[in-house]
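Hi,

Here is the structure I promised to pass on. Have a look, and then read on for what turned up.

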Amino acid sequence: MPSSELMPIGVFAQRSGLTSSALRFYADSGVLPPAEVDPVTGYRHYDADQLVRATTLRRLREIAMPLATVEAVLGAGAEEAARLLDEHVAKIVGDAAAARQKAAVIKSVLGGNVPGLLIATLKGPVLADAVEQVLTATAHEPGMAVLAGLHIEASDEAIALTATDRYRLSTRTLVPARPAEQTWAGTVDSDDLRAAIADVRRSALIRIEAVPHGIWLRMPEREDRHCRALPEEFPDHRLMLESLDEVTTRVTISKDLLLRALEEHPGEHVALHITDHSVSVRPPNDEHPGIPLSATVTGADLQIRFDMTTLYPAVSTAIGPDVLLDLRGYHQPVTIRSADRGDLTTLAMPIKFDPSA
């Protein structure tokens, strides 16, 4: 007879989240044998100490890990188990990306191989840099898939790439090597773009073609890559830009000096204190004057606060040695762009606070 510390298979199934039939399979496979089997009835009983292994087994199978790899993970130390998990997830991601590309080819065939609409021809390294800069403003949030997308607007004069996570909005304008066949606008999946970046960077010229379900990146001497279209409507960023208040303070500052000060700043939030000829980076609610950074300032003195995760990437992706900050008060979005090149612009939302407190 089983001891009082053992539990029957039904109870163990309920507590572990595995079905009784799955437990029988794992027992027969040798991955999770019962602690005791009644020699007369054949009833299986499990020890409470086996719950951790059973729960881990269930979770590994939920991410489609093969049984042989599951057994290896369960028998490995923490470091080796982590390596096996990383390898498995990388394979899943790679297989999913390959499946998406094959599905795109199948859709094209089923659609009668309708030729895509040429919306831009760009230098590969230039496009890769622009995409990486703008995608820093994307975010994966449940129910808001469009925030993980890159919005593309193409005309015969330029192609604009825009992304937003609600706290930042980044837009980069590129001049195509060859004009578009006609104007086009759409939003594509950022993960597909990231997966294609390495090939894009190594291609001299990229033809971007719009098709019903996304875009194709046509690359001579490399496999073409498909990026899925997102059905959600992209936020009206043009209206946002047009509705900004007048600039009250303008700052030109060394990008490297500002980044260094932000990197050395200890907190999650940062305050910029802007006066006649300098910008000091200091903690919010701190009377310490901070370290003043030389800057060219026009307009009113100002104190403004940011989340570090908002301000730092907005500054770090700017092009050139100097950045230009257009400020509209302590509670309004700040425009951050290169002092000598205006084709990459980022809006950064400050933290709300009461300046009179």
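Arg168 sits in strand S7 (residues 168–174); strands here are DSSP runs of E, at least two residues, and helices are runs of H or I, at least four, both numbered from the N terminus. Arg168 is buried, at 6% relative accessible area, where buried means under 20% (1.4 Å probe, protein chains only). Leaving aside residues up to four places away in sequence, Arg168 touches Thr136, Ala137, Ala163, Thr309, Thr310, Pro313, Ala314, Thr346, Leu347 and Ala348, with contact meaning heavy atoms within 4.5 Å.

Bear in mind that this is a predicted model: local features need pLDDT of at least 70 and side-chain atom pairs count only at 80 or more, while totals for chains, interfaces and linings use all residues. Residues are numbered from 1 along each chain as its sequence is written, and side-chain values use heavy atoms, with hydrogens and water left out.

Next, helix H4 (residues 67–74): Leu67, Val70, Val73 and Leu74 are buried there. Viewed down the H4 axis, the buried residues fall within an arc of 115°, so they line one face of the helix; the arc is taken from the directions from the helix axis to the C-beta atoms.

Then there is a helix pair. H1 (residues 9–16) packs against H3 (residues 51–62) at about 55°, with the axes 9 Å apart; axes are lines fitted to C-alpha atoms over the stretch in contact, and angles run from 0 to 180 degrees between N-to-C directions. Phe12, Arg15 and Ser16 of H1 meet Leu51, Ala54, Thr55 and Arg58 of H3.

Cheers

Technical notes. Buried means under 20% relative accessible area, exposed over 50%, partly exposed in between (1.4 Å probe, protein chains only).
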